[in-house]
Amino acid sequence: TRDGCATMARTRINVYINTDIYAPSAFSPNFDGSNDFFTLYASNRKLANISYLKIFNRWGDKVFEKEDFPPHIETEGWDGRFNDRPLNPAVFVFVAEVEFVDGSTSVISGDITLVK
């Protein structure tokens, strides 16, 4: 204190972690061995788990949901089916909660195009 007045300072620190999550913009579930599933990836391997992945059609109907599965494993993701039937080409919306190796989580969303 100086002359009876207290001095105070505040500092705000924002930390941005470079997660580099990759969500493909399109996939072709024709089971030719290439781009047959939609899932999430992280180039730096800091992604530990996908807490949930939900996919919706353009009317907001949920066509896929899966919880608690590892990233980077294509066959764990969505195969373009709903009620065991292949869907027609269209644009879908996804939302996912992911967990990083440090225990932090993040919710991401975007769109995915199903092509044949």
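This is a predicted model: local features need pLDDT of at least 70, side-chain atom pairs count only at pLDDT 80 or more; totals for chains, interfaces and linings use all residues.
Visitor: How are the residues numbered, and which cut-offs apply to the model?

Guide: Residues are numbered from 1 along each chain as its sequence is written. Local features need pLDDT of at least 70 and side-chain atom pairs count only at pLDDT 80 or more, while totals for chains, interfaces and linings use all residues, and side-chain values use heavy atoms, with hydrogens and water left out.

Visitor: What is the mean pLDDT of the protein chain?

Guide: pLDDT is the predictor's confidence in each residue, from 0 to 100. The protein chain has a mean of 88, and 89% of its residues reach 70 or more; confidence is lowest in strand 3, at a mean of 87, and highest in strand 5, at 97.

Visitor: How many bridges join strand 4 to strand 8, and how many join strand 4 to strand 5?

Guide: Strands of a sheet pair through backbone hydrogen bonds, either parallel or antiparallel. Strand 4 (residues 47–56) runs antiparallel to strand 8 (residues 90–100), and 8 bridges join them; strand 4 also runs antiparallel to strand 5, with 6 bridges. Y52 has E97 as its bridge partner in strand 8 and E67 as its bridge partner in strand 5, while K54 stands opposite V95 in strand 8. In the hairpin of strand 4 and strand 5, with 5 residues between the strands, G60 takes a positive phi near 90 degrees.

Visitor: Is T39 buried or exposed?

Guide: Buried means under 20% relative accessible area, exposed over 50%, and partly exposed in between, with a 1.4 Å probe and protein chains only. T39 counts as buried because its relative accessible area is 0%. T39 lies in the loop between strand 2 (26–27) and strand 3 (41–42), and, leaving aside residues up to four places away in sequence, T39 touches Y22, P24, I50, F69, I73, E74 and G77, where contact means heavy atoms within 4.5 Å.

Technical notes:
Helices (H or I, at least four residues) and strands (E, at least two) are DSSP runs, numbered from the N terminus. Two strands pair if DSSP finds at least two bridges between them.
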